[in-house]
Amino acid sequence: MSATNSPLPTSPSKSTAFVRLLGLQNDPFNTTSSAHYYYEDEMLQETFNLVLGLLESPPRLVLIVGPPGCGVSSFLSRLALRASTQYK
């Protein structure tokens, strides 16, 4: 299916229309990351705790990489949220 025949919203106004039509609270096609939508299983919790431990130890560089869409931005948003509440 081409982009012109796609039933998915292609502009903010169409996206807003879908949100209202479906009774959603947020735009499901939003590309902005949010810690609110972060799903965490046991392995991600272990990774999160490992990264927290590395950040709390003596100064070091921590590099978190992954392919687009794998959740790096969401992971970092959650990390920033945790840091903002833990280190006020």
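These legends walk through a few views of a predicted model.

Residues are numbered from 1 along each chain as its sequence is written, and side-chain values use heavy atoms, with hydrogens and water left out. In this predicted model, local features need pLDDT of at least 70 and side-chain atom pairs count only at pLDDT 80 or more, while totals for chains, interfaces and linings use all residues.

**View 1. The protein has three helices and zero strands.** Helices (H or I, at least four residues) and strands (E, at least two) are DSSP runs, numbered from the N terminus. Starting from the N terminus, the order is α-α-α. Of the 88 residues, 12% are buried; buried means under 20% relative accessible area, exposed over 50%, and partly exposed in between (1.4 Å probe, protein chains only).

**View 2. Leu21 sits in helix 1 (residues 12–22).** Leu21 is exposed, as its relative accessible area is 69%. Together with Leu22 and Leu24, Leu21 makes a nonpolar surface patch of about 320 Å² accessible area. Accessible areas come from the Shrake-Rupley method with a 1.4 Å probe, and for residues only the protein chains shown count as cover.

**View 3. Arg82 belongs to helix 3 (residues 72–86).** Arg82 is partly exposed, at 32% relative accessibility. Leaving aside residues up to four places away in sequence, Arg82 touches Phe48 and Leu52, where contact means heavy atoms within 4.5 Å. Arg82 and Leu52 lie 30 residues apart in sequence, with 9.4 Å between their C-alpha atoms.

Definitions and conventions: Patch = residues over 30% accessible without salt bridge, like charges linked within 9 Å, V, L, I, M, F, W, Y side chains within 5 Å. Salt bridge = Lys/Arg side-chain N within 4 Å of Asp/Glu carboxyl O.
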